[in-house]
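I opened this entry to record what I looked up in the structure. The notes go from the whole chain to single strands, and then to the helix.

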Amino acid sequence: MALSEKEILEILELFQKSGWEDLTLESGGVRLSISKSGRAPASPRSPGAARGGVIESPRVSPGPREAAPVHSAPTPSVALDPRWIAVKAPMLGTYYAASKPGAPPFVSVGQSVSAEDNVCILEVMKLMNYVKAGTRGTIAHIAVSNGDLVEYDQALVYIDPA
């Protein structure tokens, strides 16, 4: 299945907002290679690379970030306690607090959670990825707003394990 023009534009938008330097995708005979440096990304194809999937992982350049995320996390109105455990984004995507518009959020401040409870959804290219709490405790702070674009490893919620 080839990438549609809309999907390519979404990929470009997410890539531009990310900390990635290079990205190469192949789907349905279409190969998309993009780079922020203006040079063509290196594309050594691994012998076992499957056609139709990602053939090269995005590379994140070390050092200071050149661009801030489009939706930066709101400034916390509470001081972050060092005991709190951050549930971090396992990937770049759009943060959703509920399973669908109008549905109650997965979690709210003050709610008790177990390690297997879903705290949010991250949408990446129309795929919904549930993010689990990963620890037991009480939701102490929600660091992002519904619909925000979040970066890999960005704190989404904080859990008080006490």
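The model is a predicted one.

**Entry 1. Whole chain.**
I looked up the elements and found one helix and 11 strands. The chain has 162 residues, and 35% of them are buried. I also checked the contacts with a separation of 6 or more: 59% of these are between residues 24 or more positions apart. The chain exposes about 9500 Å², of which 56% comes from carbon and sulfur atoms.

**Entry 2. The four-stranded sheet.**
I traced an open sheet with antiparallel pairing and the strand order E4-E11-E9-E6. At its edges I noted E4 (85-88) and E6 (112-113), each of which pairs on one side only.

I then went through the pairings of E11, residues 155-160. E4 and E11 run antiparallel and are joined by four bridges. Within this pair, Ile 85 has Ile 159 as its bridge partner, and Lys 88 has Ala 155. E11 also pairs with E9 (residues 137-142), again in the antiparallel sense and over four bridges. Here the bridge partner of Ile 139 is Ile 159. Ile 159 is therefore the bridge partner of both Ile 85 and Ile 139, on the definition that strands pair through DSSP bridges.

How many of the six residues of E11 are buried? I found six of the six, so E11 is largely enclosed by the rest of the structure.

**Entry 3. Pairings of E5.**
I looked at E5 (residues 93-96) next, and it pairs with E10 (residues 149-150) in the antiparallel sense over two bridges. Gly 93 has Val 150 in E10 as its bridge partner. E5 is also joined to E7 (residues 118-124) by three bridges, and these two strands run antiparallel. In E7, Ile 121 stands opposite Tyr 96.

**Entry 4. Nonpolar cores.**
Which residues have the most contacts inside the largest nonpolar core? I noted Tyr 95, Val 119, Val 131, Val 150 and Leu 156, in a core of 17 residues. E7 and E11 are the elements that give two or more residues to this core. A second core is separate and has six residues, among them Phe 15, Leu 23, Leu 25 and Ile 34.

I listed the contacts of Val 150, leaving aside neighbours within four places in sequence. They are Ala 89, Met 91, Leu 92, Gly 93, Tyr 95, Leu 122, Val 144 and Leu 156. Gly 93 in this list is also the bridge partner of Val 150.

**Entry 5. The helix.**
I checked the length of H1, residues 5-17. At 1.5 Å a residue its 13 residues should span 18 Å, and the end C-alpha atoms are 19 Å apart, which agrees.

Which residues of H1 are buried? They are Ile 11, Leu 14, Phe 15 and Lys 17. Seen down the helix axis, the buried residues fall within an arc of 165°, so they line one face of H1. On the face turned away from that buried side I found the exposed residues Glu 5, Lys 6 and Gln 16. Phe 15, buried in H1, is also one of the residues in the second core.

Definitions and conventions
Residues numbered from 1 in each chain as written. Predicted model: local features only at pLDDT ≥ 70, side-chain atom pairs only at ≥ 80, totals over all residues. Heavy atoms only, no water. Buried < 20%, exposed > 50% of the residue type's maximum accessible area, 1.4 Å probe, protein only. Contact = heavy atoms within 4.5 Å. Areas by Shrake-Rupley, 256 points an atom, 1.4 Å probe, with all protein chains shown as cover. Core = buried A, V, L, I, M, F, W, Y, C linked by side-chain atoms within 4.5 Å. Expected span 1.5 Å × (residues − 1). Arc of directions from axis to C-beta.
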